[in-house]
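Then we'll walk through some of its features together.

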Amino acid sequence: MLIEQLIKAKIAEAVLQLYGQEFDPKNVQVNNTRKDVDGDLTVVVFPFLRISKKSPEITATDLGQFLLNQVAEVASFDVVKGFLNITIATSYWINQLAEAFNDDDFGFTKPGPDSPLVMVEYSSPNTNKPLHLGHIRNNLLGFSLGELLKANGKQVVKTNIVNDRGIHICKSMYAWQKWGEGKTPENTGIKGDHLVGDFYVLFDKHYKQEIEELVAKGVSKDEAEQQAPSIIAARELLLKWEAKDPETIALWSMMNQWVYAGFDVTYQELGVDFDKIYYESDTYLVGKDEVLRGLKEGVFEQKEDNSVWADLTEDGLDRKILLRSDGTSVYMTQDIGTAKLRFDDYTIDKMVYVVGNEQNYHFQVLSILLDKLGYSWGKDLHHFSYGMVELPHGKMKSREGTVVDADDLMAEMIEVARKTSEELGKLEGYTEEEALETYKTIALGALKYFMLKVDPKKNMLFNPEESIDFNGNTGPFIQYTYARIRSVLRKAEDKGIVPSVDFGSTLQISEKETELIKTISLYPSAIKEAAEAYSPAVIANYVYNLVKEYNQFYHDHSILNETDENVRVFRLVLSANVAKIIKSGMSLMGIRVPERM
């Protein structure tokens, strides 16, 4: 039992014994004591005054004395303005440290066969272009959320829905047919997703030229957008695809395979993965069948032009189209089909969609529609909504002038890490191969940490240079602290000093050391809070606070040169625990830590 829970239980017991009235331990308020007063934990006594019928000071003294007599972990207490400040015995903190040291999975709850299954959807790319800056935040949030849920004892299935059909890919297909000259990733050396993206940009360029030419001939802009030869050709390709024309399907399949191969490289570089990938081309017909079933059962309605709609006005929303008049589906229809397939494939207890906040309304509607179709899990879907990410203006050139490419950003980050490391002399004595691997570790650690330390709900500005600073609330600062601790532990090993939890019974520890153990002991609750709040930022900021505490301790205390053997071993155990939690906490964000830097 954590000390806070023990104190709450004993305070409730004290209220019953001293004042004859029951009090729910959950309602006992216990906080960390303020830095400017003595003590570790503070009990707020004001809620007990109506029971005790005494002043705050006397009530606090009564309760403090009870704790001192009944709880071995309480060393002393102090009453300040009606607040009960409790000092916890040194032996308790030393035991906490020993427990953390002996537990390889400290802070983690392992999932079992009967643990709830959570499916987390993230990434959801289109196959007409490479992944971009927005996808990076999405992928990092989704991956980290999956890791946090696993650490909280949930079974997790990480999934991706690839938007591999529709007019967007047909635009790239037409451009390749018309102007491609047989180009492939193999004969050009261009990454597949970039090559297909280049054809999408090329289509757009010609399409805009055609619109301008038509407008110059007196056609209205709206009509020109519909009559331009390129868009007519792309629509014809889409109709051929839906009619399963073999030649069109072969072209579609070939270009999509190029894109998937490119995506795989980006995902691997970013360090994210999936347990199951769904494709829109497999799910949209399932969604269409579900909508037609809903129409037959009177859940949806059909208009004179044959389009199918859902009337959600009774739910406080508006009317939503589900099938167009020509029978083609919309995004909502596809999401219905994908959801059904997933719940057919897995016994899902919770479905989480990691999608930007511009889709809040979409998921409100999806939840209600699934419920109306009779799926009990419909109303329990969770939309993990997050804010947009931008770069400082002019910091990076982008392929299309507006969107920052994910591969380019990662390459830029590795270059910034190289320059920064060389300027600071961080990697002297490394082989070229070791240095490159470390640059990658620093670069991606910087990128991921900077993205994840921000509350997911907030919009954010990502600054590559700022993220690679070796000081402050950054990934490299945390990585450098880890490498520093590992260096100390290696030196101890070379001297034959082995960290163990046998510190002797007379060990006295400083206030700074106590604070550090307190922070270590908060790791399990930080993991729990991060998962419950769907916020990797909770873990990011916990790890940063731990590292700050450790660096203050490291500055003020000698470790290997300490003359008292028990104190030296204790400080090594303290350091080893901090390193273990840094590595573990960073792994929950998909971040690696270098053994030396």
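## A loop residue to start with

Does Glu181 count as buried or exposed? Glu181 counts as exposed, because its relative accessibility is 74% and the cut-off for exposed is over 50%. You'll find Glu181 in the loop between α6 and α7 (185-188). Its backbone is worth a look too: Glu181 is not a glycine, yet its phi is positive, at about 50 degrees.

Why point that out? Most residues other than glycine have a negative phi. Ser124 is another non-glycine residue with a positive phi, near 45 degrees. Ser124 belongs to the loop between β5 and α5.

## The whole protein

Keep in mind that this is a predicted model. The protein has 597 residues, and 53% of them are buried. It contains 22 helices and 14 strands. Along the principal axes, the C-alpha trace spans about 90 × 65 × 45 Å.

## Strands side by side

Let's look at some strands. β8, β9 and β10 form an open sheet in that order, with antiparallel pairing. β8 (301-302) and β10 (319-323) are the edge strands, so called because each pairs on one side only. Between β8 and strand β9 (residues 308-311) there are 2 bridges, in the antiparallel sense. In this part of the sheet, Gln302 sits opposite Val308 of β9.

Now for a parallel case: strand β5 (residues 117-121) pairs with β6 over 5 bridges. Glu121 has Thr159 in β6 as its bridge partner. Strand β6 (residues 155-162) is mostly covered, with 7 of its 8 residues buried.

How far does helix α8 reach from its first C-alpha to its last? This helix (residues 192-216) reaches 37 Å with its 25 residues, close to the 36 Å expected at 1.5 Å a residue. After α8 comes Gly218, and its phi is positive, near 100 degrees.

Helix α5 (residues 133-151) holds Gly134. With a relative accessible area of 21%, Gly134 is partly exposed. Gly134 and Gly356 are 222 residues apart along the chain, but 8.7 Å separates their C-alpha atoms.

## Rings that pair up

A pair of aromatic rings is described by how far apart the centres are and by the angle of the planes. Searching the whole structure turns up 23 aromatic pairs. Take Tyr174 and Phe203: their ring centres are 6.3 Å apart and their planes are at 85 degrees, so this pair is edge-to-face. It links distant parts of the chain, since Tyr174 is in helix α6 (residues 167-179) and Phe203 is in helix α8, 29 residues apart. Tyr174 counts as buried at 13% relative accessibility, and Phe203 counts as buried at 1%.

Phe343 and Trp377 make a stacked pair, with 3.5 Å from centre to centre and 0 degrees between the planes. This pair also links distant parts of the chain: Phe343 is in helix α13 (residues 331-345), while Trp377 is in the loop between α14 (360-372) and β12 (382-386), 34 residues apart. Phe343 is buried, with a relative accessible area of 14%, and Trp377 is buried at 16%. Rings can gather in a group as well: Tyr122, Phe263, Tyr267 and Phe274 form one aromatic cluster.

## A look into a pocket

Rolling a probe the size of a water molecule over the atoms shows where empty space is left. The second largest pocket contains about 820 Å³ of space. Its lining is made of 34 residues, and Asn32, Gly39, Asp40, Glu515 and Lys518 lie nearest the centre.

Which element gives the largest share of the lining of the second largest pocket? That's α19, with 7 residues. At least two lining residues come from each of α1 (3-19), β1 (30-32), β4 (83-88), α4 (90-102) and α19 (511-521). Sorted by class, the lining has 11 nonpolar, 13 polar and 10 charged residues.

Notes:
Residues numbered from 1 in each chain as written. Predicted model: local features only at pLDDT ≥ 70, side-chain atom pairs only at ≥ 80, totals over all residues. Heavy atoms only, no water. Helix = DSSP H or I, 4+ residues; strand = E, 2+ residues; numbered from the N terminus. 1 Å grid on protein atoms, 1.4 Å probe; cavity = no way out; pocket = protein on both sides within 12 Å on 5 of 7 lines; lining within 4 Å. Points joined across faces, edges and corners; volume = space filled by probe spheres on them. Nonpolar A, V, L, I, M, F, W, Y, C, P; charged D, E, K, R; others polar. Expected span 1.5 Å × (residues − 1). Phe/Tyr/Trp six-rings, centres within 6.5 Å; stacked < 30°, edge-to-face > 60°. Buried < 20%, exposed > 50% of the residue type's maximum accessible area, 1.4 Å probe, protein only.
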